[in-house]
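Please examine the structure shown below together with its sequence.

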There are 2 protein chains.
Amino acid sequence: MDISNRGQKIQPSPIRKLKPYADQAQERGIHVYFINIGQPDIPTPQPILDAFHSFDEKVLSYGPAQGFLELRQAIADYFVSYNIPLDSENVIITLGGSEAIHFSFCVVADPGNEIIIPEPFYTNYNGYASYADVKISPLTLHVEDGFRLPPAEEIEARITPKTRAILLCSPNNPTGTVYTPEELERVISIVKKHDLFLIGDEVYKEFVYDGGTHKSLLEYEEVKDRVIVVDSISKRFSSCGARIGAVVTRNKELYQSLLRFAQARLCPPTVEQKAALAAYRMGLDYFQPVKEEYERRRDVLYEGLKDIPGIVIQKPQGAFYIIVRLPVKDAEHFVLWMLRDFHFEKETVMVTPAQGFYCTPGKGKDEVRIAYVLKEQDLRRAIVVFKEGLNKYLSIFS
Amino acid sequence: MDISNRGQKIQPSPIRKLKPYADQAQERGIHVYFINIGQPDIPTPQPILDAFHSFDEKVLSYGPAQGFLELRQAIADYFVSYNIPLDSENVIITLGGSEAIHFSFCVVADPGNEIIIPEPFYTNYNGYASYADVKISPLTLHVEDGFRLPPAEEIEARITPKTRAILLCSPNNPTGTVYTPEELERVISIVKKHDLFLIGDEVYKEFVYDGGTHKSLLEYEEVKDRVIVVDSISKRFSSCGARIGAVVTRNKELYQSLLRFAQARLCPPTVEQKAALAAYRMGLDYFQPVKEEYERRRDVLYEGLKDIPGIVIQKPQGAFYIIVRLPVKDAEHFVLWMLRDFHFEKETVMVTPAQGFYCTPGKGKDEVRIAYVLKEQDLRRAIVVFKEGLNKYLSIFS
């Protein structure tokens, strides 16, 4: 009677692991600036909250497995407004982007198969890989060049007979990198040449800065049967607790298979789907001020950190994360010390050690991920406290 | 670039497969009595609806992976009120009972491993078995004896070196059978002897009739480390669209593994957890009139069907389903005919062919599942229409 292998090897969340130390700091009266997780502080749009308040059905009943038609149509229309040809029959509503990832892994790969993912990557891919018993084959990127994709040969070198798909997350969590059309096309050539699926995690689609726009994998007609896109309202509408995402594909056969996975779990939550529908009906204008807010924060964070002696940092182009290399030997030890042993005027900062975002052992040991999810004033203060902490840490440990 | 094996073999929902024909009947102006799916018509309790209406947070944010402490405590207290010793550290909130099943399969079994489940069984187990790449080993039960468990030797004959667990659903969907303590203890002896886990799907716990009570697998101290119980508010509080369930275990190591699966998908929906908390705070008195309502319906249905010539039927003891054998060769053909080719005074009835609830090919071909989820008056009328249909069908096809 042993726990299954996958049950034993599934990774605990490296993002949540240090949370108890932050709780203890707070109990000691220390104010903690949380820039460790991607929980935005942007208020949830009023139409979403109104949808909860005005739910007036007598029975909170099951909806369709693929989600309500109106919401699927609204999501298709949202993509159409970005000139991506979709209709409701390309969209399945999922329980957050998380389930969309899980469905995608299962529909392209059997146990023991491999999916190539550039690392550092969103740590929950690890969880779903164990859950689905799929192997992630990491393609290591580097902070020095801002985590750009390597030449085609280097990507192809990761391909084995067991490889079924490549996954690209852009705008990227945790690096903030937005892949250029040239980078996307490099990967598209590879999936065509090696007959692979291509999974796009594009949940940060709206968050591209410096006047740039997001290029979706769904825009490439030549791979329309190969592409599965993972989508979510969590960050788009500051609604992480709604658990509404979507999996999108123009491959009809894939869609039917995804639908059967969806049928197994009956349906997504009913009221949240109505809330999401209200959100999409706000139109694209909603995003502009939100994007500007994150762009300002990005600038504040980048300017605040870039002159730290020994830091390796590149300006991120999207999402609301950055990975930086610090002049420390063990970032986890530093993060822990900041929570347990340090405060500056009764304040400290929590960031995430980056090691958990890498799959290759030993990688990212001197890096941290920072999420710019605080308002400008708080972020500025967090940077001051962070630098004080780092200076003091270095004076003790180096 | 083929869809994975599991993506190809995952079963489409047999319950939902015939839905388009019902839609077409409605479009022709036929009233359809839906007694095919377990969507209760009992109004969702007001405290649940009020929780949606009074949600007043500014940001709809992530909650803890294991669910809010208050809700976990409320669920533990609910079990304690049935004299089952639990605390909040034994409970993880899941996305419906569905996710609790999926977590349970993954934590006990690796790809290729087997779980023994008495058939006919809740059809979504098939979906999760494909999803998790686990094999269901069916233990065939029979309508003639009311789907009682067979002698120990017959159960043990299903055990192979790959067997990891036995799953018991009681009160049972789709049969309505409630296992006796003697039947539970028969299986408990077997899991101890063969060192297996024991999964209990007990989501219909409150729905036990004729003055009987439900015995939970959690009550057996001797297997407290082997037992995982799947729970849900869907039927308990007529809240299928909330997607709030729970997985419960007193095995600490199992709990930690389940928690890591939970972390992979971040958290259950935030507002529904508050709604579920409000529901549990209503107390056990809420269930009595609901149970009496279902018990009356069960009696109406059983009395209405039992004298049909050639029917094989036993009075179910719980849940709100029954499986009966009809004097037809192909129940799916009959169900389809009822929707496409029949009406009685502009009305027809939809039931579910039982074949999809069996794993063994050919089993259940002449059986249907009926869910008594309509109020008494409608159910009486549905029985009249059903009998008219069956008579006419038999006059044509036999």
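Is A:Cys169 buried or exposed? A:Cys169 counts as buried because it has 24 C-beta neighbours inside 10 Å; the term buried requires 20 or more other C-beta atoms within 10 Å of a residue's own, with C-beta atoms placed from the backbone.

This is a predicted model, in which local features need pLDDT of at least 70, side-chain atom pairs count only at pLDDT 80 or more, and totals for chains, interfaces and linings use all residues. Residues are numbered from 1 along each chain as its sequence is written, while chains are lettered from A and ligands numbered from 1 in the order in which they are written.

A:Cys169 lies in strand E5 (residues 163–169) of chain A; strands are DSSP runs (E, at least two residues) and helices are DSSP runs (H or I, at least four), numbered from the N terminus. Beyond its neighbours within four places in sequence, A:Cys169 is in contact with A:Phe121, A:Tyr122 and A:Asp201, contact meaning C-beta atoms, placed from the backbone, within 7 Å.

Chain A has two domains, listed here with bounds from an automatic or database domain assignment.

| Domain of chain A | Residues |
|---|---|
| Domain 1 | 5–43 + 286–397 |
| Domain 2 | 46–282 |

Their centres, taken over C-alpha atoms, are separated by 26 Å. In chain A, 40 residues of domain 1 are in contact with 34 residues of domain 2.

A rotation of 180 degrees, with 0.0 Å of shift along its axis, superposes chain B on chain A (RMSD 0.0 Å), by least squares on the C-alpha atoms of residues with pLDDT of at least 70 in both. That is the relation of a two-fold axis.

Methods. Two residues are in contact if their C-beta atoms, placed from the backbone, lie within 7 Å. A residue is buried if 20 or more other C-beta atoms lie within 10 Å of its own, exposed if 12 or fewer, and partly exposed in between; C-beta atoms are placed from the backbone.
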